[in-house]
Amino acid sequence: MTARLADLQDLFQDRLLTGRADISAHLTSGGPFLKVYDHAYEARLLEVMGEDFPAVHTLLGDDAFAEATAAYVRGHPSRARSVRWLGAGFADWLGRTAPWSRQSVVADMAAFEWGLGLAFDAPDAAALGVAALAAVPPEAWPVLTFDFHPALNTALLAHDVAPFQQAVAKDQDPEAAPEVIAGGPESWAFWRDGETCQVRYRALTADEAAGLALLRAAGDFQALCETLAQAGDGDDAALRAAGYLRGWVEAGWITGLSAPGLSWA
C-alpha cells in the first residue's frame with residue numbers, strides 16, 4: 001500500500017530527528033542517499049550554533065567547539081519550529097557536562113551570548129516614562145506591581161566575559177581570557193535600548209538583583225522595600241527602592257504598572 005504524503009513526511013522528519021529508519025521501507029532500494037540529508041541537517045544545526053555562540057567558539061577553538069556543539073545537538077534535537085531556540089539549553093549543558101563543565105568560563109560565555117540574543121530579538125513593547133511613576137497615588141504604592149519589557153533578561157556569571165565577547169563581536173583578537181569576578185558571581189542584565197535598538201548589558205549589585213528578581217516574579221513595591229531592608233540599612237530601603245525603580249524605568253525595562261483594586265488616570 002502506498003503511504004500518504006503526510007505520513008512519509010512524518011517518517012522523514014522522524015529519521016532526521018531520531019535516526020529511526022522506518023521510512024526506508026517506502027523508498028527505492030531502501031533510500032541509499034538518506035545519509036546526505038542526515039549530514040545536511042546536522043551541518044545546518046551546527047552552523048546555527050556557531051552563529052549564536054561565536055565567542056564560545058573562539059574561547060574553545062575550532063575542534064573543541066565542533067565536538068561540544070555536535071554532542072549538544074545530538075542530545076538536544078530541535079523541537080521548536082524555529083532553530084532560533086536550538087541553543088536555549090547550551091549554557092546549562094556546558095555547565096554540567098564533562099569535559100566542558102571543568103571550564104566554567106565556557107558556560108558563562110554561552111549564557112552571556114544567549115542573553116544578548118534574547119534581548120536583540122525579543123518582541124517590542126512600549127516602555128513607561130518617569131511621569132508614570134509620578135502619577136501613582138500614595139495608597140497604591142505598597143501593592144504596586146510591574147510589567148517588564150520582554151527583552152529584559154538576566155544571567156548569573158562568575159567570570160567577566162564581556163570584554164572577550166565584545167572583541168569577538170568586533171572581529172578583533174581578545175587581549176586576554178575572561179577573568180573570575182573578584183567578589184563572586186554577579187547577576188547581569190541584558191536589554192534592548194528603545195531608541196537605538198542596540199542591546200545593552202550591565203552587572204547588577206546584589207540587592208538590585210534580588211529586588212529585580214522579586215518584582216519580575218510578581219512581587220510588589222512593599223516587598224521590594226522589605227527585601228532591600230534585609231539586605232542593608234533598613235532606614236533608607238524605600239529611598240533605595242525608589243532609586244532602583246527610577247533607573248529601571250529610565251532604562252526602558254518597565255512597561256506597565258498595576259495595583260489590585262485600584263486604578264488612576
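Modeller: What follows covers the overall fold, then the aromatic pairs, then the charge over the rings.

Modeller: This is a predicted model, in which local features need pLDDT of at least 70 and side-chain atom pairs count only at pLDDT 80 or more, while totals for chains, interfaces and linings use all residues. Residues are numbered from 1 along each chain as its sequence is written, and side-chain values use heavy atoms, with hydrogens and water left out.

Colleague: How many helices and strands does the protein have?

Modeller: The protein has 11 helices and seven strands. These are DSSP runs numbered from the N terminus: H or I of at least four residues for helices, E of at least two for strands.

Colleague: And what share of the residues count as buried?

Modeller: Of the 265 residues, 36% are buried. Buried means under 20% relative accessible area, exposed over 50%, and partly exposed in between, with a 1.4 Å probe and protein chains only.

Colleague: What share of the contacts joins residues at least 24 apart?

Modeller: Among contacts between residues at least 6 apart in sequence, the share is 64%. A contact means heavy atoms within 4.5 Å.

Colleague: Now the rings. How many aromatic pairs are there?

Modeller: The structure holds 15 aromatic pairs. One of them joins phenylalanine 112 and phenylalanine 190, edge-to-face, at 5.2 Å centre to centre and 75° between the planes. Rings of Phe, Tyr and Trp (its six-membered ring) pair if their centres lie within 6.5 Å; planes under 30 degrees apart are stacked, over 60 edge-to-face, and the rest tilted.

Colleague: Why does that pair tie together parts 78 residues apart in sequence?

Modeller: Because phenylalanine 112 lies in helix α6 (residues 104-121) and phenylalanine 190 in strand β5 (residues 186-192). Phenylalanine 112 is buried at 0% relative accessibility, and phenylalanine 190 is buried at 0% too.

Colleague: What about tryptophan 141 and phenylalanine 221?

Modeller: They also form an edge-to-face pair, 5.0 Å centre to centre with 65° between the planes. Tryptophan 141 is in the loop between α7 (130-134) and β1 (145-148), and phenylalanine 221 is in helix α10 (residues 221-231), 80 residues apart.

Colleague: Is tryptophan 141 buried or partly exposed?

Modeller: Tryptophan 141 is partly exposed at 22% relative accessibility, whereas phenylalanine 221 is buried at 10%.

Colleague: Which residues form an aromatic cluster?

Modeller: Phe53, Tyr72, Trp85, Phe90, Trp93, Trp100 and Trp114 form one cluster.

Colleague: Where does the charged end of arginine 84 sit?

Modeller: Over the ring of tryptophan 85, 4.9 Å from its centre. The charged end of arginine 84 also sits over the ring of tryptophan 114, 4.5 Å from its centre. The criterion is NZ of Lys or CZ of Arg within 6 Å of the ring centre and within 35 degrees of the ring normal.
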